Amino acid sequence: MNIALILAGGTDPNFQMSIPKQFVNVFNRPVIVYTLEKFQNHKDIDAIMVACLDGWQEMVRTYAKQFNIDKLKWVISGGKNGQASAENGVTVLQEVCRDDDVIIVHDAIRPLVSDHIITDSIRVCRQQGMGVAAMRTMDTIMHTVDGKIGTNSISRYSIIRIQTPQAYRLDKLTDIQEKAKGAGITGEVDMNSVVSKLGEPVYFSKGSELNMKINTVEDVEIFKALYKMQQEAGKEEGQR
């Protein structure tokens with residue numbers, strides 16, 4: 001099976017709205033619903049789990065009924081960070097899944113993930129044990145300590161930007177978690193960071209500039225514009 005594990009457990013004190021980013025309404029639907037629909041509609045996804053912020057679990061179940069997300073099978077408590085939320089999910093999935101099942105970990109606040117990106121993460125995972133969405137940066141990169149002064153330039157050709165989805169075989173995720181506990185690695189933003197700290201290679205799948213992460217109020221407006229553009233492009237394509 002291929003199971004999507006949607007991480008929706010975080011809060012951001014710098015986000016200038018009264019509710020968490022993943023539950024902000026855009027065109028009368030919360031951001032998390034757009035994300036859930038991407039996996040609901042993907043032919044290779046068999047089930048969905050949401051690791052959710054406490055107090056919002058029942059709301060997620062309500063959204064699933066309202067928007068026909070019938071692949072949603074589990075809503076669990078999220079953790080303080082991406083690593084902890086993924087660990088919570090894996091603890092549950094170990095009881096019901098096989099070692100070779102693929103767990104596709106994805107941020108709830110990346111609602112524009114495409115079918116192609118999801119498919120490629122699964123493909124690379126089946127080949128390598130993991131498939132982490134990533135892409136090259138076109139910007140000049142500099143090292144800085146305080147965000148005000150740059151100290152040295154870093155070649156952009158040696159830098160890659162990590163996104164989600166991050167797909168792993170369940171037995172690989174279990175192994176990563178056990179090794180991380182033994183090494184005292186905690187508090188990481190994602191499992192890819194844990195893998196790299198363990199000194200193991202990270203295998204990349206395809207990412208995209210459009211696979212944006214909503215971090216700010218401005219990002220919400222960008223998402224609105226991109227979504228509207230995609231919808232209009234789809235209508236034009238359907239009329240041809």
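A residue is termed buried when its relative accessible area is under 20%, exposed when that area is over 50% and partly exposed in between, as computed with a 1.4 Å probe on protein chains only. By this criterion D107, a residue of strand β6, counts as buried because its relative accessibility is 14%. The structure is a predicted model, in which local features need pLDDT of at least 70 and side-chain atom pairs count only at pLDDT 80 or more, while totals for chains, interfaces and linings use all residues. Residues are numbered from 1 along each chain as its sequence is written, and side-chain values use heavy atoms, with hydrogens and water left out.

Helices (DSSP runs of H or I, at least four residues) and strands (runs of E, at least two) are numbered from the N terminus. With contact defined as heavy atoms within 4.5 Å, and with neighbours within four places in sequence left aside, D107 is in contact with L7, T35, T164 and K213. The C-alpha atoms of D107 and M130 lie 17 Å apart in space, the two residues being 23 residues apart in sequence.

Helix α4 comprises the 14 residues 115-128, and its end C-alpha atoms are 20 Å apart, in agreement with the 20 Å that it should span at 1.5 Å a residue, where the expected span is 1.5 Å times one less than the number of residues. Within α4, the residues I117, I118, D120, S121, I122, V124 and C125 are buried, and the buried residues of this helix pack against α1 (31-40) as well as the strands β1 (2-8), β6 (102-107), β7 (130-136), β10 (160-169) and β11 (204-206). The helix is followed by G129, which has a positive phi near 95°.

H42, located in the loop between α1 and β4 (47-52), is buried, with a relative accessible area of 2%. Its side chain is joined to that of T119 by a polar contact of 2.8 Å, a polar contact being a pair of N or O atoms within 3.5 Å of which, within protein, one must be able to donate a hydrogen and the other to accept it, with residues adjacent in sequence counted only if both atoms are side-chain atoms. Not counting residues up to four places away in sequence, H42 touches K71, D115, I118 and T119.

Helices α3 (residues 82-93) and α5 (residues 170-183) pack with their axes 11 Å apart. In this pairing, Q83, A86, E87, V90 and L93 of α3 meet L170, L173, T174, Q177 and A180 of α5.

Technical notes: Axes are lines fitted to C-alpha atoms, for helices over the stretch in contact, and angles run from 0 to 180 degrees between N-to-C directions.
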